Amino acid sequence: MNYNWNWHIFFEPNPTGAGTYLDLLVSGLWLTIKTALLAWVIALIFGTIVGILRSLPSKAASWVGFCYVEFFRNMPLLVQLFLWFFVLPELLPRAAGLWLKQLPNAPFWTAAIGVGLFMSARVAVQLAAGIASLPRGQKQAATALGLTTAQGYRYVLLPMAFRIIMPPLTSEFLNTVKNTSVAITIGLIELTGQARAMQEFSFQVFEAFTAATVMYLAINIIVVTGMRFLERSLAIPGYITGK
Amino acid sequence: MFGNLDFDVIRRSLPYLFLDGMSFTLMLTGLSALGGLIFGTLIALMRLSSYKLLGRIAGLYVDFMRSLPLVLVIFWFYFLVPYIGQWLTGASRPIRVGAFTSSLVTFIMFEAAYFSEIMRAGIQSISKGQPAAASALGLTYSQSMRYIVLPQAFRNMLPVLLTQTIVLFQDTSLVYVLSIPDFLGAASKVAQRDGRLVEMYLFAALVYFVISCLASYGVRRLQARIAIVR
């Protein structure tokens with residue numbers, strides 16, 4: 001392979017004039033983490049609401065939940081980001097659209113909200129499945145104890161369901177981290193974006209991508225290890241995942 | 001709010017969108033699913049084989065691919081495939097590889113990791129008595145896989161495999177980052193040429209939505225039919 005390897009490139013100054021190429025990549029890594037965390041909060045909030053809707057006995061509620069999930073699941077994430085970024089400001093009243101377009105850090109907010117809503121549909125499906133997996137007696141016992149529906153969810157169903165779906169939620173969080181890289185298309189220069197920029201400035205393609213790869217692997221290993229501890233401490237005794 | 005929109009731009013660009021763009025997307029989806037299924041099955045067999053080293057290698061490959069974002073993998077292969085081609089053909093310089101080949105290789109290698117997990121679950125869902133009966137009948141390992149285990153595993157996992165193919169169909173839109181005219185790329189080219197972002201992106205979203213909805217409805221029907229048979 002006639003390719004000029006140069007692993008020292010990371011310590012050479014980058015063309016922006018501030019620091020080395022490594023600094024560039026690390027700033028991309030932070031942006032990836034920041035975007036993913038905000039998106040995950042959004043995904044959890046909306047996913048919980050929609051997941052509850054889907055599990056309610058009311059036909060209308062579960063229909064709304066079904067439509068929400070189908071809407072966000074049947075379009076590519078890239079197309080959804082384009083809709084939020086390019087289409088939404090044009091369809092709003094003029095003043096609101098202008099305000100949106102001039103928002104500082106627009107790619108960051110669009111990416112976090114877009115990825116967050118996209119992932120919320122998947123969180124909703126997991127949560128609905130988690131609630132459905134609980135024995136029917138739990139809900140009935142909550143009612144028999146005089147808890148309202150809201151109290152039943154708050155104190156009985158949700159704490160159980162969330163602990164049961166911990167493993168799939170871990171992989172959904174990792175998907176959120178990975179999906180932030182799609183925002184490169186709306187101009188968010190996160191980790192993949194910085195690796196691409198480094199490749200264009202320095203022509204050291206494989207070094208740049210190797211560094212980004214190692215950083216993504218590191219995120220994965222840290223999250224998986226951390227979640228394993230959390231899963232173990234939150235496991236419900238008597239369930240397969242429990243002790 | 002739709003006052004100054006011109007939806008005629010969609011009608012004018014329909015032939016380009018579907019004959020060039022959508023046929024690229026569908027071809028890429030179909031071939032990647034097929035290639036991913038073949039390689040994925042091989043990887044699943046490696047993971048379940050009694051040679052520990054083989055299983056370890058396959059497991060590492062799957063974990064590695066699954067922890068990387070698809071966009072990064074697309075970039076990796078876009079730059080790597082010319083060198084792989086040079087190495088395979090023994091040419092003196094990195095060979096030129098077309099956009100389609102490059103993205104096809106990417107998606108096959110990437111999806112193989114995901115398909116292999118599905119096939120592994122499928123193979124494990126076959127009761128142990130079946131391969132045992134096969135070997136009692138004198139079938140070799142490859143015969144028992146070929147005639148007994150894999151057909152059933154494939155059949156049991158068909159709905160999941162098809163769902164993954166729908167995900168793949170949506171994911172092919174990411175070749176946009178290489179400026180390849182797949183369906184979304186074609187829509188985006190027209191959008192930027194005519195300054196009609198709103199119309200074109202809304203239309204692209206609608207097309208993806210309708211196709212994915214119909215496909216997942218079909219998968220649900222299929223799942224119901226298979227469930228009754230078993």
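Reply: In this predicted model, the largest nonpolar core has 118 residues, and those that touch the most other members are Ala212(A), Ile74(B), Ala187(B), Tyr201(B) and Ala204(B). Helix α5 of chain A, residues 106-132, gives this core its largest share, 14 residues.

If you set aside the neighbours within four places in sequence, Ile74(B) is in contact with Thr106(B), Leu174(B), Val175(B), Val177(B) and Leu178(B).

An unreviewed UniProt entry annotates "transmembrane region" over residues 24-46, 67-85, 97-115, 160-180 and 200-219 of chain B. In the model, residues 97-115 of chain B are 89% helix and 0% strand, with the end C-alpha atoms 26 Å apart. For residues 24-46 of chain B, the figures are 100% helix and 0% strand, and 32 Å lies between the end C-alpha atoms.

Now for the place where the two chains meet. Chain A brings 28 residues to the contact and chain B brings 29. On the side of chain B that touches chain A, α3 (70-89), α6 (141-171) and α8 (197-229) each supply at least two residues. The most comes from α8(B), with 11 residues. Sorted by class, that side of chain B holds 23 nonpolar, 5 polar and 1 charged residues.

Notes
Residues are numbered from 1 along each chain as its sequence is written. Chains are lettered from A and ligands numbered from 1 in the order in which they are written. This is a predicted model: local features need pLDDT of at least 70, side-chain atom pairs count only at pLDDT 80 or more; totals for chains, interfaces and linings use all residues. UniProt positions are given in the numbering used here, feature names are shortened, and annotations may be inferred rather than shown by experiment. Helices (H or I, at least four residues) and strands (E, at least two) are DSSP runs, numbered from the N terminus. A nonpolar core is a set of buried Ala, Val, Leu, Ile, Met, Phe, Trp, Tyr and Cys residues joined through C-beta atoms within 7 Å. A residue is buried if 20 or more other C-beta atoms lie within 10 Å of its own, exposed if 12 or fewer, and partly exposed in between; C-beta atoms are placed from the backbone. Two residues are in contact if their C-beta atoms, placed from the backbone, lie within 7 Å. Ala, Val, Leu, Ile, Met, Phe, Trp, Tyr, Cys and Pro count as nonpolar, Asp, Glu, Lys and Arg as charged, and the others, Gly among them, as polar.
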